[in-house]
Amino acid sequence: MTVTYLKKATKTPASETGTARKVVDEMLATIEKGGEQAVRDYALKLDKWNGDIVVTEDEIARRTAEIPQSIKDDIDFAAGNVRTFAENQMKSVTNFSYEPIPGLWLGQKLVACETAGCYVPTGRYAHIASAYMSVATAKAAGVNTVIACSTPFRGQGIHPHVLYAMKVAGADIIMTLGGVQAIAAMAFGLFSGKPADIIVGPGNKFVAEAKRTLFGKVGIDVFAGPSEVAVLADDSADPMIVAADLVGQMEHGVESPAWLITSSRRVADEVARIVPELIAELPASAREASVAAWRDYSEIVLCDTREEMVRVSDEYASEHLEVHCGDLDWWLDNLTNYGSLFLGEETNVSFGDKVSGPNHILPTKFAARYSAGLSVHKFLKPLTWQKMNRDGCRTIAPVSARISRLEGMEAHARTSDVRMRKYAPGMNIDLGAPVQD
């Protein structure tokens, strides 16, 4: 079996990551020291915004009043699908308790984070879908306070469609802030008085680096990078549809890779021919991004067998993975590393990104090897608890004492000793040999 690279990338997303770190470190330090005024300074300097940071209910109503009902209906439909999917995810995790031995009860209690920060980017595009992907999922998980931030759009505050999506999804506090200053404001509780327990949402390399740097102080969804797509295609695939789906993701930005992994030389050659033609027909901004993404980051990989295609795909661990092959159930059973899977040419990444229901905030840069995308689970803490009566304690304590002493932890062992003296006086029970100095 062989793997042949008909097109090989000259760069990887890691090529550009280091440039953001110094900028982000300096900004976070300045904001932590200077607080809200430092955030306002960055908002004016970077986004030309000197208006109110927190958006009032009256302002939301005013700025969304002229949105046509047809647009509101589409956003309502898509947000409803995301909310329903998240609510079904909630049904997959439950509180439980059981009694493994007489007198010992163990359990799990699911508790949602108190405050979540949801970042919604608005740079090259107004990411309407990212608003309900993050906010609606957090609310379905039971988060009490959801703070949503987005960049001012062309100097006029948050894009009205994004603002409407935030409100429909259930955001409790909405702030006109973008970039590193938005991430910092949510992490430090600026303007809201509620420091976020977790911050989620996509963004550029500076946003991603800010989240990475703050991880530990706050939770985050994923270590994110530029959007990725991979398509698995056999000889039954339609090269035009495959090419369109690859180009459909490259417009995200100049660092967004698109990978074709195929067992068909015919499909590979046709896709290689069609992709530049489709890119040439795009609007200027999308064309500029896609030209660089195709030239520098994208690949075409030719494999001998479908098993080899699976192996290569799992190594790439793509954020989005489409399968344009026969026997779709086989691929579902055998693929393991991906952010979200799209089976058959009838579905595609764009459908999932915008409307269908599963979340589009997904792991990139190989993180799908160990992490999944955003879900209600990210906002939940599966807290454990235990309770026992004296019968249970008499069973557990001697074992705990003996293991503690085997580890050399005498003080641990003595928490068992004191209970056994009280609950089992006079009984000759082996508690292990005391630890000697």
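Trainee: Which residues are buried in helix α7?

Mentor: In α7, residues 205-214, the buried ones are Val 207, Ala 208, Glu 209, Ala 210, Lys 211 and Leu 214. Buried means under 20% relative accessible area, with exposed over 50% and partly exposed in between, using a 1.4 Å probe and protein chains only. Helices are DSSP runs of H or I with at least four residues, strands are runs of E with at least two, and both are numbered from the N terminus.

Trainee: What should I know about the model itself?

Mentor: It is a predicted model, where local features need pLDDT of at least 70 and side-chain atom pairs count only at pLDDT 80 or more, while totals for chains, interfaces and linings use all residues. Residues are numbered from 1 along each chain as its sequence is written, and side-chain values use heavy atoms, leaving out hydrogens and water.

Trainee: Back to α7. What does Asn 204 reach at the start of α7?

Mentor: A side-chain oxygen of Asn 204 comes to within 3.0 Å of the backbone nitrogen of Phe 206.

Trainee: And which residue just after α7 has a positive phi?

Mentor: Gly 216, with a phi of about 115°.

Trainee: At what angle do α6 and α7 pack?

Mentor: At about 30°, with the axes of α6 (residues 179-188) and α7 8 Å apart. Axes are lines fitted to C-alpha atoms, for helices over the stretch in contact, and angles run from 0 to 180 degrees between N-to-C directions. Angles under 35 degrees count as roughly parallel, so α6 and α7 are roughly parallel to each other.

Trainee: Which residues meet there?

Mentor: From α6, Gly 179, Val 180, Ile 183, Ala 184, Ala 187 and Phe 188; from α7, Phe 206, Val 207, Ala 210, Lys 211 and Leu 214. Contact means heavy atoms within 4.5 Å.

Trainee: Changing topic: what is the strand order in the open sheet of 3 strands?

Mentor: The order is β2-β3-β14, with antiparallel pairing. β2 (96-101) and β14 (380-388) are the edge strands, each pairing on one side only. Two strands pair if DSSP finds at least two bridges between them.

Trainee: How many bridges join β3 and β14?

Mentor: There are 9, between β14 and β3 (residues 104-112).

Definitions and conventions. A polar contact is a pair of N or O atoms within 3.5 Å; within protein, one must be able to donate a hydrogen and the other to accept it, and residues adjacent in sequence count only if both atoms are side-chain atoms. Angles under 35 degrees count as roughly parallel, over 145 as roughly antiparallel, 65 to 115 as roughly perpendicular and the rest as oblique.
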